[in-house]
Amino acid sequence: MSKRIDVSDLNVYYGDFLAVEGVTMAMEARSVTALIGPSGCGKSTFLRTLNRMHEVIPGARVEGKAVMDGVDLYGKGVDPVEVRRQVGMVFQRPNPFPTMSIADNVLAGVKLNNRRMPRALAQETIEKALVGANLWNEVKDRLERPGSSLSGGQQQRLCIARAIAVEPQVLLMDEPCSALDPISTLAIEDLMNELKNDYTIVIVTHNMQQAARVSDRTGFFNIAGTGKPGHLIEMDDTSVMFSSPSEKATEDYISGRFG
Amino acid sequence: MSAVSTPPRPVRRTRRLPSFVPWAVLAGSVVVGVLLSLLSGELTPTGAILFGAVVYAIAITAISASVEGGRWARDRLATTLVTGAFLIATIPLISLVALVATRGSLRFGWRFLNDDMVGIFGAMTEGGVYHAIIGTVYVTGIAAIVAIPLGILTAVYLVEYAQPGPLKRAITVLVDVMTGIPSIVAGLFAYTVFVIFVGPQYKSALIGGVALALLMTPVVVRSVEEMLRLVPNELREAAYALGVPKWLTIVKVVLRTAIAGITTGIMISIARVIGETAPLLVTVGLVNNVNFDAFDGRIATLPVYVFRQYAQGGVSVDRAWAAALTLIIIVMLLNLVARLVSKFFSPKGVR
Ligand SMILES: Nc1ncnc2c1ncn2[C@@H]1O[C@H](COP(=O)(O)OP(=O)(O)OP(=O)(O)O)[C@@H](O)[C@H]1O
Ligand SMILES: [Mg+2]
């Protein structure tokens, strides 16, 4: 049930500012694709185009194609809401809904869409998602407490639980572990390993070891200078990228000899 | 270089004044204030407090400076000034409430609240505001029914939908202009509209409600707009990313998150119009009896009632004060409700 996404010649704009230029890449089904690159090179921007979140920013637009399941996400008549139901997202900063309890936050995808869910199924969904995000043990006794009463790292895991509770086809994660301790990070990585049996996962990370550990393929983004657009420099199997990349820039970045 | 080489000094403990000192200084200052007031001519409470305050500000700063050092002295001075400003600001409020409460309590009571003015004339001290309360509830209620949805929807449009451009700017400017409309103009406008479309014979609470709605809408728009802008964009994006359509995101996330502030804003807007007199004077007039029909006939309202009773003079003045007290109590009750609502709905556990 997972789907692959093929991106070709994607240009991403903020108003007149071209933030990412000419990206062509494939994100395989049932695998983890990691995106790495220096800060400001457009990883988040690119990631947000994959579920059409980019266009909610005023003036932002996208050129090119992103084909999922034979359908161009940016084609005529494609409803962004439908796209987002299939392509879930975890943001760089945790953003639980402050007015909702922990349980309701997990079920937000259901509740906010005005859908009904039998009680038993709801309980099951909550537990499964929270266990998946390695948060269940910490919150199982206080599911009715507000989501914003959790620590920053717990909030991020709550957001991960919220995203996987709706069982999307593709899961986009923007530095999901940047606020987490090593144990939770490991749990999230285990979760990704597990999820990739069913989902397509795209993860942005600044952690080389993490990219090496979890991903099957890695894409390296770079930027020529401030105000210039970001480019996909190269993309290959993770083992190849980390052992013998074909571009000098990739090697420099991965080995920490950047800039 | 030297900054690096000198070893860091240990954190010093500053000597602090014991906590009773400010109170002692305050007591002393009041005594000095009284003396200064006597010296300057005659002893007046205002003079004593004024001199005392100045003496206190100087004394506490000087004492603090000599014992605690410059930073704490500035802190003491600032605390004194801020507290002083707060006290001065509360003087009008407290004296107003106290005045209305004392004058109003003369007539105020269960009888007063349940009686109308039918058959009351001359020096009779009976009579009450029942009919005026009904009228005020009607007129304000009609205004609220019109203005609250209109205002909230306008604010939602401005914040969530409007693209930056001439239309958005035009609406914003118009709302600003409407905020400044003199209330009598709103009254004349509503009156004229009804004269043109319904006829000169028509009089009802509806006209007053429309006039007040005109004054209320911009206030609602403004306050709701501010509240919606405070809702972080991350929450909207979180909802979108879950495949929630925009309108549901607005209803269930944006409005829900801002509900406490919106309620407060709406209450402020109601308080703003509930005491309006001029537009009601020209639209709904005043009667002595209860009128339960909001769509037919003149109706009494509290502000107009106060105005008329006060203008009549004599024993009627007491009724004016009692009616003013009634109005203040109604506004305070509304405020209480708003506080409960925002306490109940505001996001919990936010750090
Ligand atoms: N809302 C926005 N409006 C205008 N420009 C933006 C906006 N968001 C990002 N940009 C610009 O787009 C470029 C790419 O930003 P992006 O957030 O995608 O970087 P990133 O690779 O995710 O960096 P980081 O690793 O620091 O998260 C940057 O130059 C940034 O200034
Ligand atoms: Mg980023």
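A crossing of two helices is called left-handed if the near helix is turned anticlockwise from the far one by less than a right angle, and right-handed if clockwise.

What we have here is a predicted model, where local features need pLDDT of at least 70, side-chain atom pairs count only at pLDDT 80 or more, and totals for chains, interfaces and linings use all residues. Residues are numbered from 1 along each chain as its sequence is written, and chains are lettered from A and ligands numbered from 1 in the order in which they are written.

Now the helix pair. In chain B, helix α10 covers residues 233–241 and helix α11 covers residues 246–274; helices are DSSP runs of H or I, at least four residues, numbered from the N terminus. Their axes come within 10 Å and cross at roughly 155°. Axes here are lines fitted to C-alpha atoms over the stretch in contact, with angles from 0 to 180 degrees between N-to-C directions. Angles over 145 degrees count as roughly antiparallel, so α10(B) is roughly antiparallel to α11(B). The crossing of α10(B) and α11(B) is right-handed.

Which residues of α10(B) meet α11(B)? They are Leu235(B), Arg236(B), Ala239(B) and Tyr240(B), and they meet Thr249(B), Val253(B), Val254(B) and Thr257(B). Contact means C-beta atoms, placed from the backbone, within 7 Å.

Last, the chain contact. Chain B puts in 20 residues and chain A 24. On the side of chain B, α10 and α11 are the elements that give two or more residues, and α10(B) has the largest share, seven residues.

How values were computed:
Angles under 35 degrees count as roughly parallel, over 145 as roughly antiparallel, 65 to 115 as roughly perpendicular and the rest as oblique. Two residues are in contact if their C-beta atoms, placed from the backbone, lie within 7 Å.
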